[in-house]
Amino acid sequence: MTDKNQKTPKLDAQVTVSKSPFVFLQRYPESASLLLLVIICVAVAVINPSFLQASSLIDMGRASVVTGLFALGVFTVLAAGGIDVSFPAIGALAMYGISKLVLDVFPDMPMALIIVLSVLVGTVLGAINGVLVHGLKAPALIVTIGTQYFYRGILLVCIGTVWLMELPSQMVAFGKWSLIDITANSGVTVSLPVYFLSFPLAAFLTWFVFNRTLMGRAIFAVGGNAQVASRLGYNLRTVNVFAFAFAGALAGMAGVIQASANRMANPFDFAGTEIGVIAAVILGGARITGGTGSVLGTVIGVFLVTVVNNVLVLVGIPSTWQRVVVGAFILMAAAFFVLRDRKIKY
């Protein structure tokens, strides 16, 4: 009896040591993406030192805003056990519909009201997704594919298909409003726009929801096991509607920022952006099955996808290859998570 009692702790210690890297990665899955991001940045900086210039970093920060807003919404829906592919259509409908409303009906509408209306439109469209997903008891992927076509059809049939090349002056001024101006070595002045702040603010809001409110706990509970969460008293309808409405609100915000930044509104904008955004969220550690993930991981995933896209352009690889590289990263992430789970289980 004495010998057995002495050997058991050693065996347990060996098992703990052998699993410790995987346990750490299970607790902090975003660390793998962060390590990959650091490796890519260091490698590219060694090859091309101009990569770390302030102007390049500002360009990447500016490019991450719209993707980041979309990704935070997708993360919320994934954490609740669903998936949303309608956010590009919601962003386009909010962007183009509000821009046309301002041009044709209310040219002097304050910029703050334009933003509020865009977020409101996105919230309503997202809430419709949540109601349908819960009411129909159908897979969220099927429902949001349907609403994606429905929302984009409304936009093209009822609102318009013509590019708006001249936006209201307040939207143009919002897009130009600079937070920081930096002159590069080439003499070109690069600006970090004020709208960049929307990304960290949205990340903080999302973090607050998940870490300081009962709704955040309910979202993870429903995403982990909806039946158990229901027996514990969580309202599945409320959670679903909130998650999709939150994603829609961020999509509406992304829409008005896209139009203001580009100084034009294109009803075909955001088409095909679903894969890149969902890839960023998955690379950040969220599972497609729900119940996991973090805001920090999502932000790291957004920066990873943004850096990869910029690096490919920087080294002269055609943009068409970006999807190949991002797809490869998703496969690597999926293989990594499966291997990690097996190591922990066995």
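1. Accessible area here is what the Shrake-Rupley method gives with a 1.4 Å probe. On that basis, the chain in this predicted model exposes about 17300 Å², and carbon and sulfur atoms supply 68% of that area.

2. A quick overview before the details. The chain holds 14 helices and two strands. Of its 346 residues, 45% are buried. If you look at contacts between residues at least 6 apart in sequence, 77% of them join residues at least 24 apart.

3. The crossing of α2 past α13 is left-handed.

4. Which residues do the two helices bring to this contact? From α2 come Glu 30, Ser 33, Leu 34, Leu 36, Leu 37, Ile 40, Cys 41 and Val 44. They meet Leu 296, Gly 297, Ile 300, Phe 303, Leu 304, Val 307, Val 308, Val 311 and Leu 314 of α13. By class, the residues of this contact divide into 14 nonpolar, two polar and one charged.

5. Please also turn to helix α7 (residues 169–176), where the buried residues are Gln 170, Met 171, Val 172, Phe 174 and Gly 175. What lies over them? Their cover includes the helices α4 (87–104), α5 (111–136) and α11 (236–262), along with strand β2 (189–193).

Note on methods. Residues numbered from 1 in each chain as written. Predicted model: local features only at pLDDT ≥ 70, side-chain atom pairs only at ≥ 80, totals over all residues. Heavy atoms only, no water. Helix = DSSP H or I, 4+ residues; strand = E, 2+ residues; numbered from the N terminus. Buried < 20%, exposed > 50% of the residue type's maximum accessible area, 1.4 Å probe, protein only. Contact = heavy atoms within 4.5 Å. Left-handed = near helix turned anticlockwise from the far one by under 90°. Nonpolar A, V, L, I, M, F, W, Y, C, P; charged D, E, K, R; others polar.
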